[in-house]
Amino acid sequence: MTLEELERIAAGTKNARAAGGHEVNVCLAAGCLSQHSDALKEALEKEARKASASCRVRGTGCMGLCSAGPLVSVEPGGVLYRNVKPEDAPAIVRSAGGEPLRRLQCSRDQAFFQRQVHIVTENSGKLDPEKIEEYIAADGYKGMIRALTEMTPAAVVQEISRSGLRGRGGAGYPTGLKWGTVAKTDSAVKYVVCNADEGDPGAFMDRSVLESDPQRVLEGMIIAGYAVGASRGYLYVRAEYPLALKRLETAIGEARQLGLLGINICGTAFSFDIEVRIGGGAYVCGEETALIASIEGKRGTPRPRPPYPAQSGIWGMPTLINNVETFASVPAIVRRGAEWYAALGTPKSKGTKVFALSGKVKNNGLIEVPMGMTLREIIFEIGGGVPEGRKFKAVQTGGPSGGCIPEQFLDRPVDYESLRELGSIMGSGGMVVMDDTSCMVNVARFFMEFCMAESCGKCIPCRAGTAQMHEMLTRICDGRATHKDLEMLISLCDMVGATSLCGLGQAAPNPVLSTLRYFQDEYLEHIEAKRCRAGVCECGAAAEVRA
Amino acid sequence: MNPAAEVKTLVIDEMDVSARADQTILEAARDAGAWIPTLCHLDGVGDIGACRMCLVEVKGSNRLLPACVTRVEEGMAVTTHSERLVKYRRMILELLFAERNHVCAVCVANGACELQTLAQLHGLDHVQFPYRFPALPVDGSHERFSMDHNRCVLCTRCVRVCGEVEGAHTWDLMGRGVHSRVITDLSQPWGTSETCTSCGKCVQVCPTGALFEKNKVGTKLPKSRDFLMHLSVMRGGDR
């Protein structure tokens with residue numbers, strides 16, 4: 001495969017699409033699929049066969065506004081329809097190319113669409129994730145060919161370093177630095193691992209990327225393999241994502257068939273192949289050392305670092321581990337250049353970040369925004385604010401390792417450092433908005449329950465400490481706690497955070513600490529007045545009835 | 001240079017110490033006569049850094065480091081017993097006592113229990129956390145040994161000695177978090193295990209009364225742990 005061949009495929013696909021008449025695109029990603037968009041697609045296809053007008057029905061990836069699903073778009077023209085039902089199929093097919101259906105139309109002029117910047121999700125909802133030609137037609141694999149034929153591995157590492165890309169899994173480690181470390185190790189065998197074990201409650205960014213544009217992740221991994229000198233990649237996907245797994249297997253097969261994956265890629269001396277490994281349902285396997293153990297076929301428990309995977313990873317070999325979104329950012333950076341990417345975002349956090357916006361916010365869904373946008377802009381402009389006239393209370397970022405950020409800090413920019421300062425973390429991108437019907441103590445208890453259930457049990461602070469913290473939080477919620485329990489909870493938070501073996505335990509106290517920091521009065525109310533102002537907890541005394 | 005020949009100098013508790021480059025902080029400290037409490041560590045099998053009792057402070061690092069798996073480095077300044085470390089160690093012990101069912105008075109290992117010894121050394125006279133007292137089974141199906149899950153601290157010494165030294169890999173772990181349990185073979189009664197060689201190494205290395213020899217119950221010396229060092233030396237190991 002050369003650049004010319006790639007462009008031939010791209011041109012062929014574009015021409016075929018242009019000649020095919022109007023396209024009716026149905027979102028077939030998890031969100032819309034859960035609202036039976038597959039049945040809708042069948043209905044549309046049936047109508048399209050009947051109709052005399054030339055009109056093709058395609059299944060695509062996520063269109064973003066998941067709460068308005070199933071979503072349908074009609075191209076060319078970009079008309080978007082919301083909450084479409086199979087009964088609407090005849091009307092949509094009839095109107096394709098003509099006047100849009102007003103009653104179903106979803107305006108693209110709203111802030112939700114206008115304020116976003118799509119890099120990782122640039123193809124999401126626009127192409128059929130099971131057709132590699134469509135990805136190629138959208139400039140796919142151009143970056144990879146550029147890297148393989150025009151750049152040295154060191155130049156690729158430099159390009160990534162200059163772009164300022166930082167790990168999108170949550171910790172924000174500079175990606176270029178990590179690649180450079182693995183590239184410098186002296187080993188004949190190295191591995192590249194894509195961590196798709198996304199498990200934070202309220203996070204579905206990686207899932208959506210894998211379901212909507214799987215080729216993009218493969219391309220990122222191949223470029224990484226070339227840059228660090230690896231010839232084998234593993235895609236570690238959790239078993240709870242069957243659709244992503246299916247699309248990835250299809251994508252890998254297609255890429256192999258075109259010679260974009262395998263021996264001597266694009267006629268160069270570089271060979272790289274990717275294998276999918278399926279996670280068995282343990283959240284802790286998202287931790288890199290546990291993930292490596294799991295890939296090796298062992299019990300998925302973390303081990304102390306150092307040695308870091310970059311020195312000693314899978315089977316003791318240097319291993320590069322990045323998150324799905326990190327790899328998905330790479331093709332665009334290599335194709336369009338580091339400067340272009342570095343121009344987006346803030347001085348320390350470059351580029352864009354994908355968030356899964358959910359909870360008490362009007363527009364639930366998947367968004368991609370430049371780093372540095374404020375939380376207020378994200379929640380109130382893109383998200384459309386809190387529905388039903390309720391009052392905003394807090395936004396939870398970073399899942400069980402993150403924290404809750406209250407109203408007074410909504411004007412802070414979203415970047416790695418600001419969020420850490422506020423006692424939360426960027427995390428993988430889950431963003432759960434809560435209104436005044438949420439009890440912050442109960443929220444802390446929920447996350448502690450999660451950490452307790454997902455602790456691997458290897459180190460004592462995390463195994464026994466999370467169980468004790470959960471017990472104390474339960475006592476507070478039930479109105480059985482004293483000030484002594486709160487003191488014990490605080491000292492346990494300190495101890496578990498400082499002594500746990502891996503990130504799960506070290507960060508497990510964060511939801512408690514951040515809610516204690518901003519909502520201490522709620523904790524005290526539960527303890528002293530046996531009262532839950534949100535009416536969530538049954539504290540014994542008359543809980544305030546939900547207004 | 002061969003790390004065994006390379007010498008590093010460091011400071012442990014304000015004491016100048018020299019160590020081989022391939023030694024851990026724990027080994028260097030012991031050679032120098034400084035005591036660092038340990039629980040999951042066992043001379044003769046691999047370290048896993050799980051119990052967190054041996055955490056030490058290293059100047060310049062904002063994280064506490066497990067002495068058993070952290071290699072010495074030139075110029076390192078290690079503190080083994082700060083107020084903070086002792087507080088955390090006490091809490092770890094308290095968490096263990098509250099986690100399952102550790103009643104020394106009726107335990108076969110009373111007087112020969114490492115958990116008990118550590119508690120005494122840390123002046124632990126009460127536990128502030130609520131006892132969880134989960135209902136856990138006792139497996140007495142093996143003809144010579146018994147397993148009492150109520151006393152288990154999940155140090156996995158049995159798992160490691162069985163896999164690494166005996167080579168049988170009868171023991172392993174199942175479950176997650178507080179529901180973790182050591183198991184024999186595919187979680188079947190010990191007596192029905194097809195891989196167990198009845199060598200008894202697991203019993204001897206168990207720090208508590210979780211694994212015990214039936215005919216030693218009530219004796220003064222329920223466990224003899226020294227064999228592993230001799231075994232290591234005989235096998236040419238360097239531990």
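**View 1. Surroundings of A:Ala224 in the predicted model.** Leaving aside residues up to four places away in sequence, A:Ala224 touches A:Trp179, A:Val192, A:Leu320, A:Asn322, A:Phe327 and A:Val330. The model shown here and in the other views is predicted. A:Ala224 belongs to the largest nonpolar core, which has 253 residues. A:Ala224 is listed there among the residues with the most contacts inside the core, together with A:Val24, A:Leu44, A:Ile223, A:Leu320 and B:Cys158. In soluble globular proteins, nonpolar side chains tend to be buried together.

**View 2. Helix H13 of chain A and what covers it.** Helix H13 of chain A spans residues 288-295 and is mostly covered, with 8 of its 8 residues buried. These are A:Glu288, A:Thr289, A:Ala290, A:Leu291, A:Ile292, A:Ala293, A:Ser294 and A:Ile295. Just after H13(A) comes A:Gly297, with a positive phi of about 90°.

View 3. A:Arg305 and A:Pro306 are joined by a cis peptide bond, with omega about 0°. Another cis peptide bond, again with omega about 0°, joins A:Pro306 and A:Pro307. A:Pro306 is placed in the loop between H13 and S8 of chain A, and A:Pro307 lies in the loop between H13 and S8 as well. Most residues other than glycine have a negative phi, and most peptide bonds are trans.

View 4. A:Cys266 is not a glycine, yet its phi is positive, near 55°. A:Cys266 sits in the loop between helix H12 (242-257) and S7 of chain A. Because A:Cys266 has 19 C-beta neighbours inside 10 Å, it counts as partly exposed; a residue is buried if 20 or more other C-beta atoms lie within 10 Å of its own. B:Arg52, also not a glycine, has a positive phi of about 65°. The loop that holds B:Arg52 runs between helix H1 (25-31) and S3 of chain B. B:Arg52 has 25 C-beta neighbours inside 10 Å and therefore counts as buried.

**View 5. Contact between chains A and B.** The contact takes 24 residues from chain A and 26 residues from chain B. On the side of chain B that touches chain A, H2(B) gives the most, with 7 residues. By class, this side of chain B has 17 nonpolar, 5 polar and 4 charged residues.

**View 6. Crossing of helix H19 of chain A and helix H2 of chain B.** The axes of H19(A), residues 460-477, and H2(B), residues 83-99, come within 10 Å and cross at roughly 65°. The crossing of H19(A) and H2(B) is left-handed. H19(A) makes the contact through A:Ile460, A:Pro461, A:Ala464, A:Gly465 and A:Gln468, and H2(B) through B:Ile92, B:Leu95, B:Leu96, B:Ala98 and B:Glu99. Sorted by class, the contact of H19(A) with H2(B) has 7 nonpolar, 2 polar and 1 charged residues.

**View 7. Five-stranded open sheet of chain B.** This open sheet of 5 strands has the order S2-S1-S5-S3-S4 in chain B, with mixed pairing. S2 and strand S4 (65-66) stand at the edges with a single partner strand each, so one side of each is left without a neighbour in the sheet. Strand S1 (residues 7-12) and strand S2 (residues 15-20) of chain B pair in the antiparallel sense over 6 bridges. B:Val11 has B:Asp16 in S2(B) as its bridge partner. The hairpin of S1(B) and S2(B) has 2 residues between the strands, and in this hairpin B:Asp13 takes a positive phi near 50°. Strand S3 (residues 55-58) of chain B runs antiparallel to S4(B) and is joined to S4(B) by 2 bridges. B:Leu55 stands opposite B:Pro66 in S4(B).

**View 8. Three-stranded open sheet of chain B.** An open sheet of 3 strands in chain B has the order S6-S7-S10, and its pairing is antiparallel. Its edge strands are S6 (138-139) and S10 (211-213), each of which pairs on one side only. Between strand S7 (residues 145-148) and S10(B) there are 3 bridges in the antiparallel sense. B:Phe145 has B:Glu213 in S10(B) as its bridge partner.

Definitions and conventions
Residues are numbered from 1 along each chain as its sequence is written. Chains are lettered from A and ligands numbered from 1 in the order in which they are written. This is a predicted model: local features need pLDDT of at least 70, side-chain atom pairs count only at pLDDT 80 or more; totals for chains, interfaces and linings use all residues. Axes are lines fitted to C-alpha atoms, for helices over the stretch in contact, and angles run from 0 to 180 degrees between N-to-C directions. Helices (H or I, at least four residues) and strands (E, at least two) are DSSP runs, numbered from the N terminus. A crossing is left-handed if the near helix is turned anticlockwise from the far one by less than a right angle, and right-handed if clockwise. Two residues are in contact if their C-beta atoms, placed from the backbone, lie within 7 Å. Ala, Val, Leu, Ile, Met, Phe, Trp, Tyr, Cys and Pro count as nonpolar, Asp, Glu, Lys and Arg as charged, and the others, Gly among them, as polar. A nonpolar core is a set of buried Ala, Val, Leu, Ile, Met, Phe, Trp, Tyr and Cys residues joined through C-beta atoms within 7 Å. A residue is buried if 20 or more other C-beta atoms lie within 10 Å of its own, exposed if 12 or fewer, and partly exposed in between; C-beta atoms are placed from the backbone. Two strands pair if DSSP finds at least two bridges between them.
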